[in-house]
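Hi,

Here is the structure I promised to pass on to you. Please open it next to this email, and then read on for what turned up in it.

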Amino acid sequence: MAISQPELHVRKNVETLYNSLRNRDNETVSKLLAIDLEWWFHGPPNCQHMMRMLTGESLDLEFQFDPRNIAVIDDRVIVEGWEGDEAYWVHVWTVNVQDGLITQFREYFNTWITVRDMRISNSLWEIKQTKPTVWQSEPQEHLKRSLPGLVLAI
């Protein structure tokens, strides 16, 4: 399936964010994020690495985010990565398609994620009979332990 222009735009902005963080380009990072960025975290409290980077609490790159997979679903960009057997993460970014600002950030650390499409179909009264899975965490082959799972409804 071909990716649309708006989806290319939101993906590019999130890729630019990771590159800017890696290069410590705080000016570009601040231009990509909405001032009132909504943030949500699930995982061990000491693993809020991305939020510490975004707020400037951690000036040192204590954790390297190396995206392994990137998927776009409308205005959401799902980025997944892992570091050895101990660290698995999923970031879900919501990007405003009009201005390109990132408005929402969901950080999942050591948690398997399934994204389900729960939107209403063409008719306001007719809800889709099947709620398809539109994205899932990579298979657990790279980790040698089990992790809790969550379903993210869009």
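**What the chain is made of**

The protein chain holds three helices and eight strands; helices (H or I, at least four residues) and strands (E, at least two) are DSSP runs, numbered from the N terminus. Please keep in mind that this is a predicted model, where local features need pLDDT of at least 70, side-chain atom pairs count only at pLDDT 80 or more, and totals for chains, interfaces and linings use all residues. Residues are numbered from 1 along each chain as its sequence is written, and side-chain values use heavy atoms, with hydrogens and water left out.

Starting at the N terminus, the elements follow the order α-α-β-α-β-β-β-β-β-β-β. The chain has 154 residues, and 41% of them count as buried. Buried means under 20% relative accessible area, exposed means over 50%, and partly exposed lies in between (1.4 Å probe, protein chains only). Of the contacts with a separation of 6 or more, 57% are between residues 24 or more positions apart; contact means heavy atoms within 4.5 Å.

**The sheet**

Which strands make up the open sheet, and in what order? There are five, arranged E1-E5-E4-E3-E2, with mixed pairing. Strand E1 (33–42) and strand E2 (69–73) are at the edges with a single partner strand each, so one side of each has no neighbour in the sheet. From one strand to the next, the twist averages 15°. Two strands pair if DSSP finds at least two bridges between them. Helix H1 packs on this sheet and touches E1, E2, E3, E4 and E5, and its direction makes about 130° with that of E4. For angles like these, axes are lines fitted to C-alpha atoms, for helices over the stretch in contact, and the angles run from 0 to 180 degrees between N-to-C directions.

**A walk along strand E4**

Is strand E4 mostly covered or mostly open? E4 (residues 87–95) is mostly covered, with nine of its nine residues buried. In a regular strand, side chains alternate between the two faces of the sheet. In E4, Ala87, Trp89, His91, Trp93 and Val95 point one way, while Tyr88, Val90, Val92 and Thr94 point the other way, and all are buried.

On one hand, E4 pairs with strand E3 (residues 76–83) in the antiparallel sense over eight bridges. Here Val92 in E4 has Ile78 opposite. The hairpin of E3 and E4 has three residues between the strands, and Gly84 takes a positive phi near 65° there.

E4 also runs antiparallel to strand E5 (residues 102–109), joined by seven bridges. Trp89 has Phe109 in E5 as its bridge partner, and Thr94 has Gln104 in E5.

Apart from neighbours within four places in sequence, Thr94 is in contact with Asp75, Arg76, Leu101, Ile102, Thr103 and Gln104.

Why does Asn26 count as exposed? Asn26 is exposed because its relative accessible area is 56%. Its C-alpha atom is separated by 8.8 Å from that of Leu54, 28 residues apart along the chain.

Leu32 is buried, with a relative accessible area of 10%. Leu32 and Leu17 are 15 residues apart in sequence, and their C-alpha atoms are 6.9 Å apart in space. Leaving aside neighbours within four places in sequence, the contacts of Leu32 are Asn13, Thr16, Leu17, Gly100, Leu101 and Ile102.

**An enclosed space**

Rolling a probe the size of a water molecule over the atoms shows where empty space is left. On a 1 Å grid over the protein atoms alone, a cavity is a set of points where a 1.4 Å probe fits but cannot get out, and lining residues have an atom within 4 Å of a point. Grid points are joined across faces, edges and corners, and a volume is the space filled by probe spheres set on the points.

The count is one cavity of 30 Å³ or more. The largest cavity has a volume of about 50 Å³, and its lining consists of Tyr18, Leu21, Arg22, Met50, Met53, Phe63, Gln64 and Phe65. Helix H1 (5–22) and helix H3 (49–55) are the elements that give two or more residues to this lining.

Happy exploring!

Conventions
1 Å grid on protein atoms, 1.4 Å probe; cavity = no way out; pocket = protein on both sides within 12 Å on 5 of 7 lines; lining within 4 Å.
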